[in-house]
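Here's a friendly walk through one protein model, taken a piece at a time. Have a look at the picture first, then read on.

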Amino acid sequence: MGEAPPVPPIPPVTLQRLDMDTAVQLAQERNPVIQEKYQAFRASQDDLGSDYATWWPTVSLDFNFGNYNQNSYYNYAGANSGVDTSIYKDYTDGASVSGLPSYLFARNYTSSYLQGVQTLDVNWKLYDPARGPQIWKGKYQVKEAGSDYIISRRDYSLMTRQAYVKLQRTLASIVTGRQLVENDRLLLQLADSRKRLGVASQLDVAKQITVLRTDEVNLVNAKRDSLVAQAQLAQLLNDPRSMEIKPSEALSPLGSWSSSLQETIDSALEYRQVIVKNLSRMKQNELQAEIDLAIYRPTIELVNSLYWTKNLGYPNSGEPYIVDTGRSDLWNSESVLQIKLTGFDGGRARMDAAAARKRAAAAQLAARQSTNSVIEEVREYFAQSTDGREAVLVASGRVQAASSALKLQSQRFNAGYGTITDVVQSQQDLTEAVSSYIEQLADYNLALVNLARASGLSYQDDPDLLAQVGDPLSAVGLSSVLQRAQSDSEN
């Protein structure tokens, strides 16, 4: 069996400036799991067509033609002709008696002829009690397979959006991590210069080195997480060999959720295919019970058969040989109404039907549980989206305050006020504020995409939120302030 043709790689220019919607589209078009579910859905449609075909009669033709040879030996003479040779006293093998031909007394019988057999059968099940339930079961199997396909598309759309947001988060951590490390190095140079001037100690320098190493470790971890996030996104895009994926948009709020909780729940209950899937399974098992019990009901079939035999040649048993080839035809036809009914099978069909009904009840309970799970998910994501919005605003203000505090503490330390402990504490506060802001913003965006996946609704653009959040990470760098402070301390 041949292998599937390889999927061409995504152009690097697309991957290096990849937006979220393009990523989702590529995943839906290229991911093999989605294509697998699609082929299974198409196969279920073909199976349903096969079920419908049972309404039509079946026509079969069988043809055999060949040479038939037979050689028989009898233990007494005259067996082939039926002549009693014992009445002939002067009988000897191979001799003629009273003018009778010798082949009447032969012990060997040889036949050789050509024969052709053709059979034409036309069978039509006029009534089959299992046919109707089987067709309806096929319809629900198509619905279940369609639900699986839709679920896979939605799930991989969600996973792609999640991977995209995670990649944005790691890249934001890398950018801010580099800025924080640069800040630490400049503060370390400032502390070292003040030590040379005799206004700082080696302990001050050691504290700065500790902060630097901590931020360097965080930067290394961010780079590692970025590689992992790129690999996850590449796998979802079915392009695992791609080495570099860069989002075209930096990490920022995707928008806000404008629908109410009740509207979101109502939409989710109509949107979620997992509920439809479990209900389809319930119907399939109910219909399977009908199919199992159909064995106790009669099946009526119209059977038509035409049999034709064509022979060429005659048996050869001795002289005088027949020169002309013999021909014979045999025609046989039948047309009957066949009724089949199973009266007793040890109760097997009833037990199978009972098992199917229990599976239907289990599927119905699973549908109820899936409804509860959908409502629970919606409420969870709704809370994360509404509360997460406020958390992002607070985290943004915290970054701005921590950045301003570090600038002031650095200037005070350079001017001879305060201690290195105050600067180190401000550095740690800024690092924690930046990390918290990135996590809060990423979690908020993930809550929005999860809520959209769960309900079928979508989040809305929120320019006011973007304006209130601003770009707090742009103010993290202290290069200009610290370089000026270092120059003043050296002068």
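## Starting at a helix cap

Let's begin with D19, which caps the N-terminal end of helix α2: one of its side-chain oxygens lies 3.2 Å from the backbone nitrogen of D21. That is a polar contact, meaning a pair of N or O atoms within 3.5 Å; within protein, one must be able to donate a hydrogen and the other to accept it, and residues adjacent in sequence count only if both atoms are side-chain atoms. Helices (H or I, at least four residues) and strands (E, at least two) are DSSP runs, numbered from the N terminus.

Before going further, two bits of housekeeping. This is a predicted model, where local features need pLDDT of at least 70 and side-chain atom pairs count only at pLDDT 80 or more, while totals for chains, interfaces and linings use all residues. Residues are numbered from 1 along each chain as its sequence is written, and side-chain values use heavy atoms, with hydrogens and water left out.

Which residues of α2 are buried? They are M20, A23, V24, L26, A27, Q28 and R30. Here buried means under 20% relative accessible area, exposed means over 50%, and partly exposed is in between (1.4 Å probe, protein chains only). The cover over these α2 residues includes α1 (12-15), α3, α4 and α5.

Now for the largest nonpolar core, which has 78 residues. A nonpolar core is a set of buried Ala, Val, Leu, Ile, Met, Phe, Trp, Tyr and Cys residues joined through side-chain atoms within 4.5 Å. The residues with the most contacts inside this core are L18, L233, L237, I245, Y437 and Y459. At least two core residues each come from α2 (20-30), α3, α4, α5 (202-236), α6 (261-271), α8 (348-414), α9 (420-455) and α10 (463-469). It's α4 that gives the most, with 18 residues. As for L237, if you skip its neighbours within four places in sequence, it is in contact (heavy atoms within 4.5 Å) with I10, L15, L18, A23, L26, A27, R30 and I245.

S385 sits in helix α8 and, at 2% relative accessibility, counts as buried. A polar atom of the S385 side chain lies 2.7 Å from the backbone oxygen of F382. Leaving out neighbours within four places in sequence, S385 is in contact with W257, Y444, A447, L448 and L451.

## Rings and charges

How many aromatic pairs are there? The count is four. Rings of Phe, Tyr and Trp (its six-membered ring) pair if their centres lie within 6.5 Å; planes under 30 degrees apart count as stacked, over 60 as edge-to-face and the rest as tilted. Y38 and Y149 have ring centres 5.4 Å apart and planes at 55°, so they make a tilted pair. Since Y38 lies in helix α3 (residues 32-52) and Y149 in helix α4 (residues 131-196), the pair ties together parts that are 111 residues apart in sequence. Y38 is partly exposed at 29% relative accessibility, whereas Y149 is buried at 19%. Ring pairs also link Y38, F41 and Y149 into a cluster.

W308 and W331 are stacked, because their ring centres are 4.9 Å apart and their planes are at 10°. W308 belongs to strand β3 (residues 299-312) and W331 to strand β5 (residues 327-340), 23 residues apart. Some rings have a charge over them, which takes NZ of Lys or CZ of Arg within 6 Å of the ring centre and within 35 degrees of the ring normal. R131 lies over the face of W55, 4.1 Å from the ring centre, and the charged end of R154 sits over the ring of Y271, 3.5 Å from its centre.

## Salt bridges

The count of salt bridges comes to 13, each being a side-chain nitrogen of Lys or Arg within 4 Å of a carboxyl oxygen of Asp or Glu. One of them joins K277 and D148, whose closest N and O atoms are 2.7 Å apart. K277 is in helix α7 (residues 273-293) and D148 in helix α4, so this pair ties together parts 129 residues apart in sequence. K277 is buried at 17% relative accessibility, and D148 is buried at 19%.

D462 forms a salt bridge with R389, with the closest N and O atoms 3.0 Å apart. D462 is in the loop between α9 and α10, and R389 is in helix α8, 73 residues apart. Finally, R185, R213 and E216 are linked in a network of salt bridges.
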